[in-house]
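Please view the sequence and the structure before reading on.

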2 protein chains.
Amino acid sequence: MTSANFTAAENAIDFGAQQIRDALREAIVERRLAPGTKLSENDVGSLFNVSRTLVRAALQALAYEGLVNVEKNRGAFVAHPSVAEAQQIFATRRLIEPSVIRDAARHIQKAEIKDLRELLAQEERLTNQRGATARRAEIKASGDFHLAIAAITGNAILKRFMDELIARSSLVIALYGQSVISSCGHNEHQEIVDALEKKDVESACALMLKHIDHIEADLDLRTTKKGGDLRDALQL
Amino acid sequence: MTSANFTAAENAIDFGAQQIRDALREAIVERRLAPGTKLSENDVGSLFNVSRTLVRAALQALAYEGLVNVEKNRGAFVAHPSVAEAQQIFATRRLIEPSVIRDAARHIQKAEIKDLRELLAQEERLTNQRGATARRAEIKASGDFHLAIAAITGNAILKRFMDELIARSSLVIALYGQSVISSCGHNEHQEIVDALEKKDVESACALMLKHIDHIEADLDLRTTKKGGDLRDALQL
DNA sequence: CCTGCCTAGATTGTATACGATAATAGGCAT
DNA sequence: ATGCCTATTATCGTATACAATCTAGGCAGG
């Protein structure tokens with residue numbers, strides 16, 4: 001095997017299915033891979049210097065998470081959520097996240113509040129930076145905030161559900177988001193942490209709901225499904 | 001390969017990964033496969049007359065659902081939820097299902113109430129039957145009731161989350177359930193449907209919460225994790 | 001010039017082959 | 001008899017090979 005001049009081989013890193021999955025996942029969530037992009041097994045495989053076997057495993061996992069669609073005999077594509085899916089994703093978030101933050105508010109400890117504040121600081125830093133990479137990092141950071149709250153509950157299952165919802169939200173925002181101001185108003189995150197610190201459970205809950213509403217309000221879901229498909233065809 | 005006297009070969013049905021996954025899933029949920037049972041790739045493959053490739057795909061998917069654990073270089077085993085996991089599963093159900101039934105209560109229509117009543121009738125029929133197969137069908141039916149409610153919301157994502165929670169609940173009940181009376185009190189299901197029919201959202205919500213509490217109360221989670229592993233070793 | 005069919009190439013679906021790792025059994029020393 | 005070590009075996013991890021399917025481009029007919 002030509003282990004000479006490939007970056008992957010240079011670094012001598014051996015990629016497993018898990019790492020491929022994570023790498024693709026991150027690329028999708030940070031929107032470096034546009035929705036609809038085809039993920040050819042060969043191409044991805046040669047990128048990571050692994051056989052199609054591992055790539056397939058990674059793609060199947062991502063398909064289960066809803067981040068890619070695998071069409072039989074056609075291949076895997078970065079998911080392209082329909083308007084209906086987008087609505088369901090946010091409807092689910094509205095159902096779950098208030099419960100999550102209630103649970104988190106009960107369990108939260110000082111160290112965890114400090115961690116959240118650090119995340120906020122990181123977000124602010126990125127907001128003030130400019131450039132594409134900073135924007136991408138900001139997207140991820142704003143999602144990570146919601147995930148950090150889910151992590152506080154100590155409930156691994158809930159955390160995984162949130163992982164999925166946040167990842168898919170990122171796709172929806174990529175497709176239907178209007179303002180460039182990525183996903184989350186940073187201030188709202190801050191207000192939520194303030195409420196958590198005061199152990200004001202109801203406020204935190206209400207703020208979270210309003211926050212989700214704001215995110216969704218920034219979407220343009222009026223587009224008819226047909227129009228979406230047409231645009232899709234043009235993009236491909 | 002002795003392709004002569006296997007039922008799979010006789011029926012000449014071609015199994016795909018999806019069908020293998022579903023078959024295993026059903027077997028696990030109906031508790032025909034005890035928690036801890038090893039699912040060897042070779043064995044499963046020869047059972048379905050397919051190569052390990054497809055079996056692996058199915059097992060990976062089930063692993064993602066939390067129904068099997070895959071241990072590196074050791075194989076896949078029917079999941080054996082710890083007490084902590086069991087608590088998380090039910091904690092998550094308590095968080096989500098009230099929201100689900102609230103959403104369902106809003107969207108529900110007459111035809112769907114009728115469908116639910118049919119499910120109840122089916123449950124009752126099975127309760128009155130005796131025999132192992134009837135018990136297994138009853139287990140599945142009682143879970144299907146919760147899934148049917150989730151389906152009413154029309155939210156595919158929520159439905160999938162519930163699929164996972166119900167399936168894993170079945171495992172937990174298999175491990176820690178005390179009374180033989182499987183999982184759900186049938187009466188409670190009926191009361192919930194009654195409340196739904198009256199559009200009494202709050203009652204339905206409260207009943208559901210109480211119902212989940214009852215299911216969990218029937219568990220014996222005092223068992224130390226160590227004891228569980230010991231029993232596991234004996235069962236194998 | 002456009003439309004429909006047909007062949008060639010590319011891509012996925014599945015099976016198999018080989019290498020790596022962990023479980024197991026047997027022998028040896030204590 | 002017991003405990004440790006080693007050789008064997010079985011199972012998993014990954015790559016590759018072959019079959020099936022889809023896509024694209026060209027050619028003939030209208």
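## Surface near DNA strand D

Helix α4 (52-65) of chain A and helix α4 (52-65) of chain B each supply at least two residues of the surface near DNA strand D. The model is a predicted one. Of these elements, α4(A) gives the most to the surface near DNA strand D, contributing three residues. In total 16 residues lie around DNA strand D, and those that come nearest are Ser51(A), Thr53(A), Arg74(A), Arg52(B) and Arg56(B). By class, the surface near DNA strand D is made up of eight charged, six polar and two nonpolar residues.

Which parts of DNA strand D come within 4 Å of the protein? Sugar or phosphate accounts for 69% of those atoms, and bases for the rest. Individual contacts reach both kinds of group. From chain B, Glu41(B) takes part through its backbone: one of its backbone N or O atoms lies 3.5 Å from a phosphate oxygen of DNA strand D.

## Surface near DNA strand C

DNA strand C is surrounded by 16 residues, the closest being Arg52(A), Arg56(A), Ser51(B), Thr53(B) and Arg74(B). Of the atoms of DNA strand C that come within 4 Å of the protein, 68% belong to sugar and phosphate.

Both chains provide polar contacts here. In chain A, a polar side-chain atom of Arg52(A) is 2.9 Å from a base nitrogen of DNA strand C, and a backbone N or O atom of Asn73(A) is 3.4 Å from a phosphate oxygen of DNA strand C. In chain B, a polar side-chain atom of Arg74(B) lies 2.7 Å from a phosphate oxygen of DNA strand C. The elements that give two or more residues to this surface are α4 of chain A and α4 of chain B. The element giving the most to the surface near DNA strand C is α4(B), with three residues. The residues of this surface divide into eight charged, six polar and two nonpolar.

## Interface between the chains

Contact between the chains involves 23 residues of chain B and 23 residues of chain A. The size of an interface is often given as the accessible area lost when the parts come together. Here, chain B and chain A bury about 2200 Å² between them, with 60% of it on carbon and sulfur atoms.

Two salt bridges are counted between chain B and chain A. One of them joins Glu164(A) to Arg160(B), with the closest N and O atoms 2.1 Å apart. Eleven residue pairs are in polar contact across the interface. On the side of chain B that touches chain A, the elements giving two or more residues are α4, α5 (83-107) and α8 (156-176) of chain B. The most comes from α5(B), with nine residues. This side of chain B has eleven nonpolar, six polar and six charged residues.

## Helix α7 of chain A

How does the span of helix α7 (residues 132-152) of chain A agree with its 21 residues? At 1.5 Å a residue the helix should span 30 Å, and its end C-alpha atoms are 31 Å apart, so the two values agree. After α7(A) comes Gly154(A), whose phi is positive, near 75 degrees.

Note on methods
Residues numbered from 1 in each chain as written. Chains lettered and ligands numbered in written order. Predicted model: local features only at pLDDT ≥ 70, side-chain atom pairs only at ≥ 80, totals over all residues. Heavy atoms only, no water. Near = heavy atom within 4 Å. Polar contact = N/O pair within 3.5 Å; in protein donor to acceptor, adjacent residues only side chain to side chain. Helix = DSSP H or I, 4+ residues; strand = E, 2+ residues; numbered from the N terminus. Nonpolar A, V, L, I, M, F, W, Y, C, P; charged D, E, K, R; others polar. Contact = heavy atoms within 4.5 Å. Buried area = accessible area lost by both parts, 1.4 Å probe. Salt bridge = Lys/Arg side-chain N within 4 Å of Asp/Glu carboxyl O. Expected span 1.5 Å × (residues − 1).
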